[in-house]
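I opened the model today and kept notes as I went. Each entry says what I looked up and what I found.

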Amino acid sequence: MFIWGAWIASVANIDWPSKDAVGTDSAAVALQQAEMITLLDSLQARGINTVIFQVRPTADALYYSELEPLSTWLTGKPASDNALPANFYDPLEFVIEQCHARAMELHAWINPYRINIPIMEEETYNRPGTVFTTHPEWFWKYGKQWYFNPALPETREWLCMVVEDIVCRYDIDAIHMDDYFYPYPIGKKPLPDLKDYRDYLAYCESIGETDPLSIEDWRRDNVNQAIEALSHTIRETKPQVLFGISPFGIYRSDGRTLSNYNDLYADVLQWVHEGWIDYVVPQLYWEIGNKVAPYDTLVTWWAQELEPYSCRLYIGMAPYKHSQQEMDAQRTRNAALPIDGEIMYSAKPFINNNIQLTNLNSQDYDY
């Protein structure tokens with residue numbers, strides 16, 4: 001099946017729910033559900049067959065979880081515990097039911113390391129009972145944001161527990177992660193992980209390892225271990241559930257641009273080569289002919305790199321910033337390449353900007 005997808009972002013109420021629908025009373029629940037139904041109907045009418053729904057934007061949950069609190073993007077206030085409020089509903093269960101009733105796939109989108117974003121009030125994430133307060137040694141701060149420390153095995157174990165819980169209890173089609181691995185650089189501000197790296201070097205010395213990893217390779221290895229562990233967790237829990245990653249659109253650079261490999265320490269191609277992931281959605285949000293990151297060059301590179309492998313390639317596209325004419329030109333370019341789908345970021349701009357998936361269909365794609 002050729003995938004036409006759309007991301008539904010919940011962080012900062014980007015796509016759902018609207019700020020008017022935030023809350024836990026019956027009126028808020030009714031509005032949340034009505035908004036989602038309208039959103040899904042509109043996506044379906046435009047040819048979308050796959051929804052990537054953000055269920056864990058900031059170490060929280062848009063579903064029932066005994067591990068992490070209900071998201072304040074949904075409730076508007078910090079939860080006192082991890083239980084669903086009285087007479088509330090399970091948003092993820094509701095969205096799964098609505099998607100499957102429309103023959104749409106539902107991919108549960110999680111962010112692995114992020115605890116907060118800068119606009120969040122501290123009380124919304126730093127409160128008793130959350131993993132952030134019960135295990136403060138698992139986290140570090142970079143800029144205005146807190147993150148799970150990627151170097152710790154406890155972080156990987158926690159992330160696997162969260163994913164296993166979702167995969168085990170919900171009828172999802174995939175687990176999806178986006179581009180936030182190690183944080184995007186803030187100027188020349190160093191990451192706060194030098195002590196962890198020194199501990200790693202000391203360990204290497206203690207076991208007689210004479211060729212330890214550089215700090216950059218060590219960071220990449222930390223993320224690699226998380227991706228491998230998540231892959232095993234998903235496949236051991238429910239093998240039919242896919243594991244997909246949506247990385248930043250540039251894999252590796254010469255220093256003139258940001259990249260996954262150099263700056264986010266995400267070696268996406270290794271995950272493909274090792275067979276740890278089932279699909280990749282590079283975020284190619286630039287226009288054709290862009291001087292720094294031309295869409296046409298990048299989409300061709302990704303298609304050529306992934307063609308020898310079983311990992312599927314979907315292209316992340318940007319209706320929030322491009323015209324119908326640019327989108328048509330990009331999709332025409334896609335149609336000449338061995339790709340398996342196109343994903344729109346995000347749902348509301350795709351609908352509101354009236355981008356049409358016309359003139360092309362799956363029969364136009366030569367595999």
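**Entry 1: Asn354.** I began at Asn354, which is partly exposed because its relative accessible area is 42%. I am working with a predicted model. Asn354 sits in the segment after H12. Its phi is near 55°, a positive value in a residue other than glycine.

**Entry 2: Ala12.** I then looked up another positive phi. Ala12 has phi near 60° and is not a glycine either. I found Ala12 in the loop between S1 and H1. With a relative accessible area of 26%, Ala12 is partly exposed.

**Entry 3: cis peptide bonds.** Where is Pro17 found? I located Pro17 in the loop between S1 and helix H1 (26–45). The bond from Trp16 to Pro17 is cis, and omega is near -15°. I noted a cis bond between Tyr345 and Ser346 too, with omega about -10°. Ser346 belongs to the loop between S10 and H12.

**Entry 4: the barrel.** I traced the strands next. Eight strands close into a barrel, and the pairing is parallel. I wrote down the order as S1-S2-S3-S6-S7-S8-S9-S10. Strand S1 (residues 3–8) runs parallel to S2, and four bridges join them. Ala6 has Val51 in S2 as its bridge partner. I checked burial along S2: seven of its seven residues are buried, so the strand is largely enclosed by the rest of the structure.

I moved on to strand S8 (residues 279–280) and strand S9 (residues 312–317). They run parallel and are joined by two bridges. Opposite Val280 I found Leu313 in S9.

**Entry 5: helices across strands.** Helix H3 (residues 91–101) lies across strand S2 (50–56) and strand S3 (105–110). I read an angle of about 150° between H3 and S3. Helix H7 (residues 215–237) lies across strand S6 (174–177) and strand S7 (242–245). The angle to S7 is about 155°.

**Entry 6: Thr233.** Is Thr233 buried or exposed? Thr233 counts as buried, because its relative accessibility is 13% and the cut-off is under 20%. A polar atom of its side chain lies 2.9 Å from the backbone oxygen of Ala229. Beyond neighbours within four places in sequence, Thr233 is in contact with Cys160 and Glu164.

**Entry 7: aromatic pairs.** I counted 28 aromatic pairs in the structure. I looked at Trp140 and Tyr182: the ring centres are 6.4 Å apart and the planes stand at 40°, so the pair is tilted. Trp140 lies in strand S4 (residues 139–142), and Tyr182 in the loop between S6 and helix H6 (194–206), so the pair ties together parts 42 residues apart in sequence. Trp140 is buried at 6% relative accessible area. Tyr182 is buried as well, at 1%.

What kind of pair do the rings of Tyr285 and Tyr345 make? Their centres are 6.1 Å apart and their planes are at 25°, so I logged the pair as stacked. This pair links distant parts of the chain, 60 residues apart. Tyr285 is in the loop between S8 and helix H10 (295–306). Tyr345 is in the loop between strand S10 (341–344) and helix H12 (347–352). Tyr285 is buried, with a relative accessible area of 12%. Tyr345 is partly exposed, at 21%.

I also noted one aromatic cluster, formed by Tyr125, Phe132, Phe139, Trp146 and Phe148.

**Entry 8: charges over rings.** Which ring does the charged end of Arg220 sit over? I found Arg220 over Tyr261, 3.9 Å from the ring centre. Arg114 lies over the face of Tyr180, at 5.1 Å from the ring centre.

**Entry 9: Tyr147.** I finished with Tyr147, in strand S5 (residues 145–148). Tyr147 is buried, with a relative accessible area of 9%. Its side chain makes a polar contact with the side chain of Gln145, at 3.5 Å. Neighbours within four places aside, its contacts include Tyr113, Arg114, Trp140 and Pro183. I also took its separation from Ala12: 135 residues in sequence and 18 Å in space, C-alpha to C-alpha.

Definitions and conventions. Residues numbered from 1 in each chain as written. Predicted model: local features only at pLDDT ≥ 70, side-chain atom pairs only at ≥ 80, totals over all residues. Heavy atoms only, no water. Pairing = 2+ DSSP bridges. Contact = heavy atoms within 4.5 Å. Axes fitted to C-alpha atoms, helices over the stretch in contact; angles between N-to-C directions. Phe/Tyr/Trp six-rings, centres within 6.5 Å; stacked < 30°, edge-to-face > 60°. Buried < 20%, exposed > 50% of the residue type's maximum accessible area, 1.4 Å probe, protein only. Lys NZ or Arg CZ within 6 Å of the ring centre and 35° of its normal. Polar contact = N/O pair within 3.5 Å; in protein donor to acceptor, adjacent residues only side chain to side chain.
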